[in-house]
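Work through the exercises below with the sequence and the structure open. Each task is followed by a solution in steps.

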Number of protein chains: 2
Amino acid sequence: MPYNFPVKDVQFLLNHSADFDQVRATGAFEDLSDDFLEAVLEEAGKFANDILAPLNRISDQQGARLENGRVITTPGFKEAYKQYVEAGWNSVAFPEEWGGQNLPNSVALAVVDAMQGACISFAMGTMLTTAAVKALLAFGTEEQKRLYLGKLTTAEWSGTMNLSEPQAGSDLATIKTKATPNGDGTYNIKGQKIWISYGDHDMADNIVHLVLARLPDAPEGTRGISMFLVPKFRVDSDGNIGEHNDVKVVSIEEKLGQHGSPTCVMAYGDNDQCIGTLVGKENEGLKNMFVMMNAARIDVGMQAASVGEASFQKALEYALDRPQGRKFGVKAGPATPIWNHPDVRRNLYTMKALTDASKAICFANMVAYDLARRSPDPDVARAAKEREELLTPISKAFSSDRALETTNIGIQVHGGMGYVEETGAAQFFRDVRICTIYEGTNGIQGIDLIGRKLGMGSGKLAYDFIDEAMANADAAIATGDADLKRAGERMKLEAKSLRQNTEWMVSAMQTNPEEGLAGGTPYLDQFGYIAGGHYLLKGAISALEAKKQDPSRADYFDSRIHIASFYCDNLLPRASGLAPAVTAGAQTVEPVEPTLLSA
Amino acid sequence: MPYNFPVKDVQFLLNHSADFDQVRATGAFEDLSDDFLEAVLEEAGKFANDILAPLNRISDQQGARLENGRVITTPGFKEAYKQYVEAGWNSVAFPEEWGGQNLPNSVALAVVDAMQGACISFAMGTMLTTAAVKALLAFGTEEQKRLYLGKLTTAEWSGTMNLSEPQAGSDLATIKTKATPNGDGTYNIKGQKIWISYGDHDMADNIVHLVLARLPDAPEGTRGISMFLVPKFRVDSDGNIGEHNDVKVVSIEEKLGQHGSPTCVMAYGDNDQCIGTLVGKENEGLKNMFVMMNAARIDVGMQAASVGEASFQKALEYALDRPQGRKFGVKAGPATPIWNHPDVRRNLYTMKALTDASKAICFANMVAYDLARRSPDPDVARAAKEREELLTPISKAFSSDRALETTNIGIQVHGGMGYVEETGAAQFFRDVRICTIYEGTNGIQGIDLIGRKLGMGSGKLAYDFIDEAMANADAAIATGDADLKRAGERMKLEAKSLRQNTEWMVSAMQTNPEEGLAGGTPYLDQFGYIAGGHYLLKGAISALEAKKQDPSRADYFDSRIHIASFYCDNLLPRASGLAPAVTAGAQTVEPVEPTLLSA
């Protein structure tokens with residue numbers, strides 16, 4: 001059984017967990033009927049299953065390589081990319097004006113889910129093109145839009161994000177790349193960038209690099225950084241591709257995973273001939289980059305969960321197939337598929353529950369993203385913007401941490417076979433490992449959550465969420481269903497504890513940040529488990545109702561309720577296990593003389 | 001800073017956490033003074049640091065390979081192995097009669113710790129030789145001992161364990177390899193074995209395979225399995241090496257990690273000329289194999305923790321060295337080493353605390369192993385045997401699961417650099433991944449704990465342990481030290497919860513095993529966090545006393561107290577997060593129609 005994008009599950013998560021109806025209600029989109037949604041998901045699934053999934057294994061074995069200064073991608077990538085562009089998968093959520101389809105970003109996220117689960121190292125490149133489009137839509141000049149946007153929305157040309165330098169990773173304040181005005185409105189760019197995904201490749205006719213650099217006499221630190229558009233091939237005023245810009249791939253990294261995705265060291269202006277144009281205002285480059293970075297963080301959370309789903313499918317297939325052992329205490333007789341062992345089912349349910357909880361958070365996050373931009377009701381839009389802000393670091397960090405656990409269990413279900421590369425279970429584990437690091441490490445996400453996000457209205461964003469989770473838990477209890485009642489009660493317990501920790505954290509960050517910062521990671525984790533449980537439980541309550549409406553699908557809805565109930569019984573309580581670490585405070589991590597730590 | 005075996009830490013764990021004084025008190029060993037212990041650890045450390053550690057990276061890049069039917073090991077392994085044999089590192093705990101040094105197994109475990117942390121794929125082979133020695137000491141005939149033991153104790157010849165076959169992994173009941181009597185006391189062995197670590201290599205003159213096989217007309221299932229000694233090269237009655245036995249390496253696995261350790265598919269008797277001799281009684285092979293398997297499980301727990309330590313050292317070095325960011329809210333100025341960020345220290349302390357908690361459990365386990373065999377007091381020996389039995393699955397599973405977390409954090413501390421293979425952080429993560437699988441998957445360890453171990457005296461082994469943990473927690477509170485008081489109170493809370501879950505589990509396994517089996521893994525995890533906390537806390541209480549005795553080392557003892565306190569504040573509470581999953585019962589993992597799980 002190869003990878004199979006789970007259309008029904010995704011549709012369920014959008015409709016029942018993530019309030020997709022609210023996106024429908026904006027009236028900002030033409031047809032968002034369930035039939036239409038299903039058709040889009042089915043088509044995306046077909047593309048992912050049939051075109052991308054078969055490339056996943058080969059992308060690991062024959063990864064991208066650098067040859068004579070050019071990156072050659074995995075055999076088959078080029079052809080698949082052409083089909084991806086032609087089918088219009090990249091332009092789902094972009095304006096019709098630029099060749100897009102004007103669908104919600106939440107629908108585009110479902111397409112991302114399909115592609116990433118099939119072959120993350122292929123889909124990785126398209127994610128960055130998407131980010132570049134969003135940046136140009138928001139900050140590009142009319143000229144930049146005219147010359148580049150049409151090509152980028154379709155992904156006929158691809159995009160990159162160039163932030164890091166050897167001395168500047170999480171800390172972009174120390175960026176050194178220079179941009180010197182040429183006097184004709186263009187800039188001379190000079191500097192080295194690292195960690196540039198798809199910095200070069202052979203699948204698109206041109207590559208549009210968005211590069212952070214400093215103007216002469218720009219202020220020090222993060223407030224002196226500007227964003228520049230630097231094409232691989234220069235583009236004339238009619239949009240025709242001209243000569244090669246002074247942009248070079250220095251090397252590509254040998255990585256733990258995602259071998260198919262070239263991670264490049266890029267040199268701009270080695271010969272002082274690298275020409276770029278300013279995007280947005282001077283010195284606002286970092287701020288503007290974060291506009292697209294935030295959307296990219298939701299994508300990263302989703303891509304991690306997508307790989308989790310793929311890993312789950314593989315493990316499930318193995319468990320149904322592999323005979324080993326008998327019922328406890330039975331010493332002889334034929335072996336039974338390991339699926340029949342309770343501990344193996346625990347493993348499998350854990351994988352699926354963590355995956356769907358993660359996806360539910362990401363979808364809810366992107367629904368909020370859509371509402372914030374498209375709701376005609378300013379109150380709805382404002383509240384949605386807050387929810388988007390709150391959930392973004394959680395989507396990114398919680399989903400990627402859980403995907404690592406999921407793919408790890410995927411290996412474990414295979415036993416010794418999981419450790420053998422041929423099986424493919426280990427590839428998911430290796431491929432997904434980077435998701436906790438790029439687009440801001442998960443530690444940075446924790447700081448974003450307790451610093452910036454809790455800082456907005458002294459915790460208001462979190463309290464609003466907790467109120468919603470509490471109300472939903474009451475609704476679960478009110479259903480009278482035994483499983484949902486138990487789940488609701490557990491949720492109330494955990495949400496209450498989260499409220500207490502939030503109060504502590506808001507106060508700590510205001511009075512003594514070191515106190516709060518010591519607990520950022522466990523606070524984000526605690527929040528994540530509760531957010532995941534909240535959206536699954538919401539889905540389960542809705543499924544109970546849907547069962548009545550459509551008894552023919554009762555078995556499917558029951559399976560969703562079971563996953564939510566499993567999560568609340570087994571995984572949600574982990575939040576309690578994290579809570580004490582949040583408030584342990586600065587003293588718990590006070591510096592110890594390092595040479596005494598390991599002696 | 002290359003790998004540095006932490007002599008002081010290991011000595012501390014033995015003396016202050018693991019009751020090594022009780023081994024001294026047996027009087028079964030000559031000099032076990034602290035000076036002597038330190039000298040052994042220093043020497044082992046030197047060998048590990050200077051000879052093995054430099055091979056670790058190369059073992060990953062130039063792993064074992066099969067050439068013309070022979071396994072060629074990593075360049076440098078052969079020379080290191082010769083030195084390992086000559087230095088006598090393999091024979092530490094074996095009887096002087098067979099060339100050993102008659103030191104406690106708990107000291108040998110410290111030597112294992114040194115070697116595994118330096119280069120796991122090298123040390124892996126010696127672990128199996130050790131296991132083979134233990135099997136022959138217990139069950140070998142006088143002739144087998146005379147011909148093989150002397151060579152195996154020194155590791156001049158190496159040993160292997162041959163259990164799995166393609167259809168028989170966790171489920172050894174279905175082993176098919178056959179052993180037919182030749183009429184002269186030898187047996188003709190025929191069958192295929194998989195997952196044979198160091199099934200072939202070029203470092204020793206001979207390889208002694210211990211092979212599970214079935215005699216003609218043996219009963220079905222696990223009670224019809226016998227153990228055979230099958231040398232790679234036949235050995236004449238004077239112990240001279242003769243012709244090649246009919247033993248062949250079919251292939252070696254391409255694995256996620258431990259590339260330096262050849263994992264072989266072995267064919268015995270392809271030409272019906274494979275001669276072996278019976279070890280132990282007919283049909284008792286599996287039972288006897290488990291005698292050495294249990295000791296090997298403690299070794300696996302330790303090897304995982306050893307890699308955790310290596311990963312910690314690398315991450316610590318990076319954190320002290322890498323400037324990135326400033327204090328929270330400070331927007332400009334020079335970057336500070338990331339060690340100064342509270343979240344990074346949380347990561348590092350988590351790594352060290354989990355590593356030392358794991359090592360403490362393993363040492364306490366092996367101290368019990370020593371006492372069970374060498375204490376002159378039968379009551380002490382009996383209680384120690386029970387403790388050994390209880391802790392073995394925890395040593396194996398908890399340590400390996402935590403080492404995976406530790407090495408994962410090791411990558412995370414490095415940021416993007418952690419994902420690049422050149423750094424080496426990822427190698428620890430890949431190498432250690434197998435430890436949760438081999439020598440019985442961690443799921444199997446959970447079943448062993450709740451089935452066999454809780455079954456002994458209806459939970460007596462666990463209750464005795466919990467009583468001890470409670471008493472120790474009271475002692476922590478009684479110290480009056482604020483940190484230890486808080487730690488003791490948390491421990492009492494967690495130990496109480498463990499007692500409740502143990503009562504539930506004992507009853508469930510007696511009345512309806514499916515109920516209990518659904519919670520085996522979380523029960524083991526819960527137990528593991530409490531056991532780790534118990535031994536660290538014990539060490540901390542003792543350190544408080546030691547500080548008074550030796551004020552010159554107060555800083556070091558304080559650092560140990562800090563690690564224990566960090567663990568109890570931040571990691572021990574995870575036990576609370578696991579507790580509800582233990583008793584969620586069979587219903588929580590009841591089978592759902594698999595096609596509905598991902599749709």
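**Exercise 1. A helix pair in chain B**

The model is a predicted one. Determine which way α16(B) passes α17(B), and how the two helices are oriented to each other.

Solution. 
- Handedness: where α16(B) passes α17(B), the crossing is left-handed.
- Geometry: α16(B) covers residues 520–549 and α17(B) residues 554–571; their axes come within 9 Å and cross at roughly 150°.
- Orientation: angles over 145 degrees count as roughly antiparallel, and α16(B) and α17(B) are therefore roughly antiparallel to each other.
- Residues: α16(B) contributes, among others, Gly528(B), Tyr529(B), Gly532(B), Gly533(B) and Leu536(B), while α17(B) contributes residues including Phe557(B), Ile561(B) and Tyr567(B).
- Classes: the contact of α16(B) with α17(B) holds 13 nonpolar, 3 polar and 2 charged residues.

**Exercise 2. Another helix pair in chain B**

Describe how α9(B) and α10(B) pack, giving the angle and the distance between the axes.

Solution. 
- Geometry: α9(B), residues 342–374, packs against α10(B), residues 378–413, at an angle of about 160°, and the axes are 7 Å apart.
- Orientation: this angle makes α9(B) roughly antiparallel to α10(B).
- Handedness: α9(B) passes α10(B) in a left-handed crossing.
- Classes: the residues of this contact are 17 nonpolar, 10 polar and 6 charged.

**Exercise 3. A helix pair in chain A**

Classify the packing of α4(A) against α6(A) from the angle between them.

Solution. 
- Geometry: helix α4(A), residues 77–87, and helix α6(A), residues 120–139, pack at about 45°, with axes 12 Å apart.
- Orientation: α4(A) is thus oblique to α6(A).
- Handedness: the crossing of α4(A) and α6(A) is right-handed.
- Residues: from α4(A), Phe77(A), Ala80(A), Tyr81(A) and Tyr84(A) meet Ser121(A), Phe122(A) and Thr126(A) of α6(A).
- Classes: the contact of α4(A) with α6(A) has 5 nonpolar residues, 2 polar and no charged.

**Exercise 4. Chain A as a whole**

How many helices and strands does chain A have, and how does its radius of gyration compare with the globule rule?

Solution. 
- Elements: chain A contains 20 helices and 12 strands.
- Extent: along the principal axes, the C-alpha atoms of chain A fill a box of roughly 80 × 65 × 55 Å.
- Burial: 65% of the 599 residues in chain A are buried.
- Contacts: of the contacts in chain A between residues at least 6 apart in sequence, 74% join residues at least 24 apart.

**Exercise 5. Positive phi values**

Most residues other than glycine have a negative phi.

Solution. 
- Trp195(A), which is not a glycine, has a positive phi of about 60°. Trp195(A) is in strand β5(A), residues 187–197, and at 25% relative accessibility counts as partly exposed.
- Ala155(B) has a positive phi near 75°. Ala155(B) lies in the loop between α7 (142–154) and β3 (158–162) of chain B; at 0% relative accessibility, Ala155(B) counts as buried.

Note on methods: Residues are numbered from 1 along each chain as its sequence is written. Chains are lettered from A and ligands numbered from 1 in the order in which they are written. This is a predicted model: local features need pLDDT of at least 70, side-chain atom pairs count only at pLDDT 80 or more; totals for chains, interfaces and linings use all residues. Side-chain values use heavy atoms; hydrogens and water are left out. Axes are lines fitted to C-alpha atoms, for helices over the stretch in contact, and angles run from 0 to 180 degrees between N-to-C directions. Helices (H or I, at least four residues) and strands (E, at least two) are DSSP runs, numbered from the N terminus. Angles under 35 degrees count as roughly parallel, over 145 as roughly antiparallel, 65 to 115 as roughly perpendicular and the rest as oblique. A crossing is left-handed if the near helix is turned anticlockwise from the far one by less than a right angle, and right-handed if clockwise. Contact means heavy atoms within 4.5 Å. Ala, Val, Leu, Ile, Met, Phe, Trp, Tyr, Cys and Pro count as nonpolar, Asp, Glu, Lys and Arg as charged, and the others, Gly among them, as polar. Buried means under 20% relative accessible area, exposed over 50%, partly exposed in between (1.4 Å probe, protein chains only).
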